[in-house]
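Please walk me through this structure in the viewer. Tell me what to select at each stop and what I will find there.

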Amino acid sequence: MSASPPGGVAARFVGQRVPRKEDRRLLVGRGLYVDDVVLAGMLEAAFVRSPHARARIKSLDLEAARALPGVRAVYTAADFAHFGLDLFNSFAGRGSGPTVRTLADGHVRYVGDPVAIVVADNRYIAEDGAGLVMVDYEAEDPVVTIAQARDGAPVHDGYTDNVGVAAATPDDPEIAAIFASAKHVVTGTIRHQRQAHVSMETRGIVVAPHGEGELTLHLSCQSPHMAARYVSLLFDLPETSVKVLSKDVGGAFGLKIQPWREEVAAIAASLKLRRPVKWIEDRLENLTSASQAREQEITIKLALDAEGLLLAADLDYACNVGCYPHSNDCNTFAMMLFTGAYRVPKLAYRAVSYYSNTVGQAAYRGPWAMESLARETMMDVAARQIGIDPLVLRERNLMTAADQPYAMPSGMVVHGVTPCETLELALAKVDVPAFRAEQARGRAEGRYLGLGVAVYVEPTTMAMGGPFSTDSAHVRLDPSGKVSVVVSTHSQGHGTQTTMAQIAADQLGVDVADVTVLEDDSSRGGFGPGAGGSRQAVSGGGAVSHASRILADKVKAIAAHMHNANPADIRIEGGQISVAGVAEVSTTVQAIAEAAYFTLDRLPPGMEPGMEAQYRYRPPPIVFSNAAHACVCEVSAETGVVKILRWIASEDCGVMINPAIVEGQIAGGVVQGIGGVLLEEIAYDAYGNPTAVTFKDYMIPTIHDVPEIEYCHIITPSDSEGGFKGVGEGGAIIAPPTMVNAIADALAPFGARCLDLPLTPTKILELIEAGEKG
Amino acid sequence: MSQHSIEVTVNGEAVRAEVEARRTLGDFLRIDAGRTGLHLGCEHGVCGACTVMVDGLAVRSCLMLAVQANGRDVVTVEGLAHADGTLHPAQQAMKDEYGLQCGFCTPGIVMTLAALTADGARPTEAALRDALSGHLCRCTGYQGILRAARRLAQGTAA
């Protein structure tokens with residue numbers, strides 16, 4: 001293992017399966033999630049939500065609700081008008097797109113659209129109050145689907161159509177010529193259904209009009225700093241006047257990247273009432289009103305030569321971003337990344353996002369994942385059409401080490417990735433010849449086994465500009481010899497309190513048990529964007545590594561001064577300090593730290609006392625990680641049920657800080673991806689009513705639905721500090737095409753094309769029946 | 001809404017409260033008894049995060065009313081570890097096997113594992129897996145949870 005931190009320090013903790021520091025308190029019930037926060041005088045909120053996908057509010061009657069004992073306020077859009085709130089539809093700041101109010105103003109535009117907020121002594125009474133609010137609606141025909149959005153009445157006032165954003169490559173006659181003369185042209189249309197993020201903890205906030213700037217927010221979020229910035233910009237307050245606390249967060253996956261309408265309504269209510277207000281989303285609200293994801297269609301056209309070499313790709317993409325998307329874009333990034341790990345000379349695309357009378361979309365783990373689903377499933381379709389083994393087709397087109405750095409046709413430059421090597425490892429683990437023999441025997445017996453493979457490269461870190469550009473670490477060695485690291489990362493289960501401690505411990509030569517990582521308070525430490533873009537290991541890790549090294553150098557300088565040694569000869573290990581070649585010198589990090597605070601005359605002349613260091617790290621703009629996954633499944637031709645028999649994840653995320661945490665990230669992503677292929681669907685009926693509103697209808701994978709994942713790791717250090725690469729989203733990106741390809745391989749005897757997700761048993765039986773009819 | 005006077009033994013301590021008939025056991029334990037270790041993930045009996053033990057059986061506290069727990073013995077995740085801090089074998093197995101990430105679903109899973117292995121019971125891995133199919137986890141892909149269950153089934157948990 002080449003897990004060698006910079007600065008010539010021996011890795012003792014980086015690369016090890018260090019037990020998670022977070023686990024003990026979470027296992028004994030001493031986590032602190034937002035709903036665990038209770039403040040004196042705190043009220044609780046519930047929302048009145050629209051039962052119509054599209055309607056005009058004719059009148060509102062709030063009297064009965066306001067008269068209910070225990071109800072302290074009922075607010076509608078008019079009550080918040082003086083705040084002038086127009087929610088930024090981008091965590092990075094004000095972007096384009098429709099005006100987003102906290103509460104519906106005159107019109108409702110999706111089922112679940114919040115119309116009023118009821119604040120009461122407790123949630124039970126708040127819900128009673130919400131039930132007493134009478135709203136008279138005049139229903140209108142909603143725009144629900146992409147097809148309806150294309151020519152339906154505009155969802156938003158002041159718009160002439162429902163186009164959110166459109167982007168396209170310029171017309172290129174060369175690409176037309178390639179398609180005209182290519183030996184093979186392969187086409188297909190892939191549809192990905194809408195999904196919900198489903199963090200097990202829903203959204204929630206406790207607003208306290210308290211503290212220095214009189215606004216303290218306990219918030220379930222992805223970054224306290226980003227949330228504080230968002231709220232301060234929105235309410236036009238100094239950034240330092242908003243303090244966001246977020247200790248434990250029960251998952252987020254993109255949903256909690258910015259506060260949204262309900263959290264902001266709770267803040268507005270609290271500011272008006274001058275009392276603490278809690279809003280905890282319930283699961284019904286979560287599945288009907290929290291931002292959703294995916295719902296995309298893409299038509300792909302591939303040109304290949306006689307040998308199966310890819311010549312060009314042409315994409316037509318559309319997504320339904322709902323009414324108020326978190327960010328107003330058409331997923332251009334998915335188009336740009338389409339060519340993935342393959343050498344493809346030419347790419348053309350046209351992408352459009354459409355507004356509709358459905359819940360707005362948000363980034364969800366691998367927001368551009370459609371590129372991998374589209375590319376990898378079409379590679380298998382192409383292989384079947386041309387009559388080559390899909391694995392051979394991949395091998396012919398994958399970029400090798402010699403091809404790198406490789407400029408994608410979109411202009412993105414890939415380097416330091418190992419697609420060929422990870423694929424080779426995965427296939428060796430599968431034992432493809434043995435599988436093909438078993439598959440043939442199975443088919444003879446009416447058993448349908450399939451092998452699916454998919455390969456991707458993933459741009460992690462995403463520090464190309466804006467809030468994601470940097471991270472900050474403040475490292476402090478106390479007189480006691482214990483280390484505190486205040487870092488701008490934030491965990492919603494990522495385990496950064498462990499991984500960041502491992503990095504600091506290695507640089508400082510102390511035990512990982514002596515390092516405490518703090519990342520839950522926007523008023524402590526410097527700005528950082530937290531979780532998103534698979535960036536924390538690279539960006540946060542780099543900041544912690546560098547700041548810790550500054551401090552280690554100071555420890556060495558003081559020790560050298562005290563013992564008349566050269567700082568270069570000082571060794572720190574396990575909290576002990578030694579001098580190379582001078583056996584009689586022995587001191588401790590604790591002793592040096594104490595001296596730095598208490599006996600200043602022992603320090604080198606002019607040295608700043610104390611043991612504190614900070615560093616703001618700017619990582620490379622994009623750090624590519626990569627993987628190849630393989631799945632073996634069996635599809636029942638009688639029931640349409642898919643059983644996953646094996647899953648191999650062969651990945652390269654550079655230097656692994658903690659392999660157990662890396663594998664945890666991969667597994668979580670893979671299983672979310674499996675859910676997206678087999679089970680999950682947020683569907684709407686013709687009236688725009690959501691039809692999966694509980695966990696009985698919106699089914700996420702259970703322990704019965706998952707394989708035991710086998711891992712292969714290749715470590716190609718990146719050029720970031722520490723050699724890390726991001727790994728948070730990859731599993732979710734690559735699992736869907738891996739699963740789809742396995743099912744398609746199993747159903748190959750029926751000639752089935754599995755391009756319409758989710759592949760529920762019903763849909764699989766339809767594919768089989770269509771194939772049998774031939 | 002009618003008020004009821006109840007007394008519930010929670011982790012060995014008597015907790016008395018006046019509750020509305022509609023108050024769930026989950027809300028009673030979190031709000032009235034201050035045991036926030038159990039989490040409410042769906043409040044319709046599917047996700048399992050709110051699981052506690054009532055008279056030794058694993059129960060979803062969102063589907064039981066507080067008044068139904070009157071006079072009963074309830075154990076929450078706070079009541080599992082030994083007073084000296086030693087983790088319960090179910091907790092230790094989950095820790096050793098990286099069975100948690102965000103930790104929100106974890107207390108419920110631990111309670112189900114603890115209930116099924118109470119008094120030296122040694123259910124099979126398949127039985128534990130069946131029981132765990134009543135718990136939703138969105139972070140881990142169940143990999144570590146499955147390994148923890150296997151350890152408990154094999155009797156190799158600490």
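This is a predicted model: local features need pLDDT of at least 70, side-chain atom pairs count only at pLDDT 80 or more; totals for chains, interfaces and linings use all residues.

**Stop 1: the interface of chains A and B**

Show both chains and select the residues in contact. Chain A supplies 51 residues, and chain B supplies 47. Between the two chains, about 4,300 Å² is buried. Carbon and sulfur atoms give 57% of that area.

Now look for charged pairs across the interface. There are 5 salt bridges between chain B and chain A. For one salt bridge, select A:Asp128 and B:Arg22. Their side chains meet at 2.8 Å, N to O.

**Stop 2: helix H4 of chain A**

Select residues 123–132 of chain A, which form helix H4. Pick out A:Arg123 and A:Glu127. They sit 4 residues apart, about one turn of the helix. Their side chains form a salt bridge, 2.7 Å from N to O.

**Stop 3: H2 against H3 in chain B**

Select residues 89–96 of chain B for helix H2, and residues 106–116 for helix H3. The axes lie 8 Å apart, at an angle of about 130°. That angle makes H2(B) oblique to H3(B). The crossing is right-handed.

Show side chains next. H2(B) brings B:Ala90, B:Gln91 and B:Met94 to the contact. H3(B) brings B:Thr106, B:Ile109, B:Val110, B:Leu113 and B:Ala114. Color by class: this contact has 6 nonpolar residues, 2 polar ones and no charged ones.

**Stop 4: H15 against H16 in chain A**

Go back to chain A. Select residues 496–508 for helix H15 and residues 536–562 for helix H16. Their axes come within 8 Å and cross at roughly 30°. How are the two helices oriented to each other? Angles under 35 degrees count as roughly parallel, and H15(A) and H16(A) are therefore roughly parallel to each other. H15(A) passes H16(A) in a right-handed crossing.

Show the contact residues. From H15(A), select A:Thr496, A:Met500, A:Ile503, A:Ala504, A:Gln507 and A:Leu508. From H16(A), the contact residues include A:Gly540, A:Gly541, A:Val544, A:Ser545, A:Ser548 and A:Arg549. By class, the contact of H15(A) with H16(A) has 8 nonpolar, 7 polar and 1 charged residues.

Note on methods:
Residues are numbered from 1 along each chain as its sequence is written. Chains are lettered from A and ligands numbered from 1 in the order in which they are written. Side-chain values use heavy atoms; hydrogens and water are left out. Axes are lines fitted to C-alpha atoms, for helices over the stretch in contact, and angles run from 0 to 180 degrees between N-to-C directions. Angles under 35 degrees count as roughly parallel, over 145 as roughly antiparallel, 65 to 115 as roughly perpendicular and the rest as oblique. A crossing is left-handed if the near helix is turned anticlockwise from the far one by less than a right angle, and right-handed if clockwise. Contact means heavy atoms within 4.5 Å. Ala, Val, Leu, Ile, Met, Phe, Trp, Tyr, Cys and Pro count as nonpolar, Asp, Glu, Lys and Arg as charged, and the others, Gly among them, as polar. Buried area is the accessible area (1.4 Å probe) that two parts lose on being put together, summed over both. A salt bridge is a side-chain nitrogen of Lys or Arg within 4 Å of a carboxyl oxygen of Asp or Glu.
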